[in-house]
Amino acid sequence: MEQFVQQVLNGLTVGSGYALVALGYTMVYGVLKLINFAHGDLFMLGAYLAMTAAVSCRAAGVASPWVVLPTIFLVSMGLVSLAGVLIERTAYRPLRGAGRLAPVVSALGAAVVIQNAVMLAYGANYQVFPEGLVPAVRWAVAGMSIPVLRVAMLVLSLILMGVLYLFIQRTTVGAAIRATSLDHATARLMGIDINRIIMVVFLIGPALGAASGIMIGLYYRQVYFTMGWIYGLKAFTAAILGGIGNIPGAMVGGMILGLFETLAAGYISSAWKDAFAFLLLIAILVLRPTGLLGERVVEKL
Amino acid sequence: MRKLPPGFWLGLAVAAALAYPWLVNDYWVDVMNFCGIYMLLGLSLTIIVGYAGLFNLGHAAFYAVGAYTTAILSTRFGIPSLLLMPVSALAAAAFAYVISRPIIHLRGDYLCVVTIGFGEIMRIALINNPGGLTGGVNGIIGVPRPDLGLFTVRSVDQYYYFILFFIVLFVWGMGRLERSRIGRGWTCIREDETAAEAMGIDTAFLKLLAFVLGAAGAGLAGNIYATKMTLVAPEGFNFWESCVMFCIVVLGGTGSVPGVIVASVGMAALPELFREFARARMLVFGLAMVLMMIFRPQGLWPSAHWRRQVSGPAPDGEGVRQQDRVGGAGCWK
């Protein structure tokens, strides 16, 4: 029972990480109908930039976590947002309306560029976060030992998702994003600047992905330049699971995927953990291609 | 200059291909051998992506089935690897049939994602060594060279001609296929699946057939790879391999056989020429992918059928249909 509760908590934490990354996929897919293959690598870039920021803070003699943590989040999320916008400008915008194949290849190319740029800048080995950025405190609750960092990650992810949800549902810009994802031409007729909306989407999505990358970096304390790929693919699975283009769907999908994966790893086999995620993806697409919360979409090749 | 007949250029290309091992040293012959394996993979993927228009980013899974079939059967049961060529092709085709069957109704991006998923599941399965068959992370070593007593393939030059034979076979077969009733059916599906279905084309069957034939080609390439390397390991079949194959097809000019040949030569030879920048070459590769799509989305050697499809003016496919009416790829010639 205690093992089960701990697995569930782990699953929710992992899942909230997937959900944050999945939001970026789902928002981009919503407005551009494009799988942003570079998104997972932006997640990885976020983790690397946070590590650099943390090392710089250390070098400057700043040690208080109340200063260091907000700094690394701000620096990393801000820079990754800019990278996201840059990618959209250079690799996606020139190809808007150019068929289906070209943007896919361009997105893969952008992913290769980010990955290898990070590899060239930092080297191909594992990189380690500085020690003691967050206190390794554990709570003892009813015979279980729960790491505070896990709980903090879960809470922070939920807060970020809540803020995003309110932003999309309650603000004018949010309404414009929803309108753009429904129909570009009509949204433009309503006076919405499509390019600006797409830019906003490419600011928010990567920032959330970076936040997830930072938390993963803080938790495991090591980062690797290819980590964005598999993590991104699973986050994309989460987005499809919930119904691609659907923001609450991405949140729910992330949580379910995290729970499913952790429980399957814990009770069946941890070596096949990643395969379970993809099996779930295939099962969902075969049985319910629109995802759990997705509406019926008319797919056009 | 007077226009030379197309047969002249074809003859020149064949002569150059035959003479190549005499003109360069063993190192460059070996580079071309690897390039040849990518050519076979690119050609087989062209059937799926180029002819039928099905996005497949998990082609390495079929390649892996072929390579591991050869490696397992030849090292465990001592079956000559040359005899395993058709077995590998059939195994890959059967595997493709089994996995494609439930997903064949998916379209576009969804299909693309599912094939990525299959590719990853395959890689994880190979690493996890089910039943002690695949040898886990280390893979299987000691795959024998093709050897049937009278006919052996050992040296790099022999491999060169061996691979060249299969490339010629693929190119010939694909040319026949493209112009056949099946090939025209694929064209229709690629251009407009709904319309093709309405015209009475059995789309599910033809799409499955494209997967099965493409996979058989990849299985054959897997056999050649396994005997050439004499070892197989999961890392040779990861996502980037699938990605490189997909890029060879698209950068060459989707659906274009000469395009695949040009792109795979470029993909294999250019990194060798720029050895000193080895660390940055993937970065350059990524940049090339983006720039190609922006400035030359139709690829290096575009296929006439695809020219409008990829760079067409309207995203809703209007341009494509217009092109067809004006004498593009007619379905019912």
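How many salt bridges (a side-chain nitrogen of Lys or Arg within 4 Å of a carboxyl oxygen of Asp or Glu) are there between chain A and chain B? The count is zero.

This is a predicted model, where local features need pLDDT of at least 70, side-chain atom pairs count only at pLDDT 80 or more, and totals for chains, interfaces and linings use all residues. Residues are numbered from 1 along each chain as its sequence is written, chains are lettered from A in the order written, and side-chain values use heavy atoms, without hydrogens and water.

**Stop 1: the interface.** Select both chains. Here 47 residues of chain A are in contact (heavy atoms within 4.5 Å) with 48 residues of chain B. About 4,200 Å² is buried between them, and carbon and sulfur atoms give 78% of that. Buried area is the accessible area (1.4 Å probe) that two parts lose on being put together, summed over both. The largest share, 15 residues, comes from α4(A). Helices are DSSP runs (H or I, at least four residues), numbered from the N terminus.

**Stop 2: Thr115(B).** Go to helix α5 (residues 108–128) of chain B, where Thr115(B) sits. Thr115(B) counts as buried because its relative accessibility is 4%, and buried means under 20% relative accessible area (1.4 Å probe, protein chains only). A polar atom of its side chain lies 3.0 Å from the backbone nitrogen of Leu57(B). Beyond neighbours within four places in sequence, the contacts of Thr115(B) include Phe55(B) and Phe211(B).

How values were computed
Helix = DSSP H or I, 4+ residues; strand = E, 2+ residues; numbered from the N terminus. Buried < 20%, exposed > 50% of the residue type's maximum accessible area, 1.4 Å probe, protein only. Polar contact = N/O pair within 3.5 Å; in protein donor to acceptor, adjacent residues only side chain to side chain.
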